[in-house]
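This report describes selected local features of a structural model, beginning with a single residue and its contacts. The nonpolar core and a further residue follow.

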Amino acid sequence: MDYVRHDYIKETIETVANQSISKDMIELIILTDNYTESFSFVPQISKDLAYTVYYTGLINFGNALAIGAGLSRGKVICLLDNDDKWSKNKLKHLYYYYSRYPDITFIKDEVIPFSEKEINLALKL
């Protein structure tokens, strides 16, 4: 079985929609190089989650970072790949640290596999 990152995008967006902070504090920017890809399921996940889809052509991490940062209106930018998942309080914790320590310019957190299956898939990459 091949590991197809795109197969996880719905679960990924669900973890953003399920954050414990107010939805008006979240701006979801989806960058994709696939013009046939539909994100019409996002309002079904959360009617309150603002999101925009940008079709960018071929992108890599550097391009995605530059494009996403340029499009964002937020003070804090969190990157999320199409096969990542966030814990329910991820943004709440980041908001706390940025509020308490305003001089922080960068926070890196660790990746935590969600299941044995995902660990095995990651090891095959």
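## Valine 53 and its contacts

Valine 53 touches Ile30, Thr32 and Phe39, with residues up to four places away in sequence left out; contact here means heavy atoms within 4.5 Å. Valine 53 belongs to strand E2, residues 50–55. Helices (H or I, at least four residues) and strands (E, at least two) are DSSP runs, numbered from the N terminus.

The C-alpha atoms of valine 53 and isoleucine 30 are separated by 4.7 Å, although the two residues are 23 residues apart along the chain. Valine 53 counts as partly exposed because its relative accessibility is 23%; buried means under 20% relative accessible area, exposed over 50%, and partly exposed in between (1.4 Å probe, protein chains only).

## Basis of the model

The model is predicted: local features need pLDDT of at least 70 and side-chain atom pairs count only at pLDDT 80 or more, whereas totals for chains, interfaces and linings use all residues. Residues are numbered from 1 along each chain as its sequence is written, and side-chain values use heavy atoms, with hydrogens and water left out.

## The largest nonpolar core

The largest nonpolar core has 15 residues, of which Ile13, Phe39, Val42 and Leu49 touch the most other members. Two or more residues each come from H1, strand E1 (27–32) and helix H4 (90–100). H1 gives the largest share, four residues. Such a core is a set of buried Ala, Val, Leu, Ile, Met, Phe, Trp, Tyr and Cys residues joined through side-chain atoms within 4.5 Å.

Beyond four places in sequence, isoleucine 13 touches Leu28, Ile30, Phe39, Phe41, Val42, Ile45 and Leu49.

## Threonine 15

Threonine 15 lies in helix H1, residues 9–17, and counts as buried because its relative accessibility is 13%. Apart from neighbours within four places in sequence, threonine 15 is in contact with Asp84, Lys85 and Trp86.
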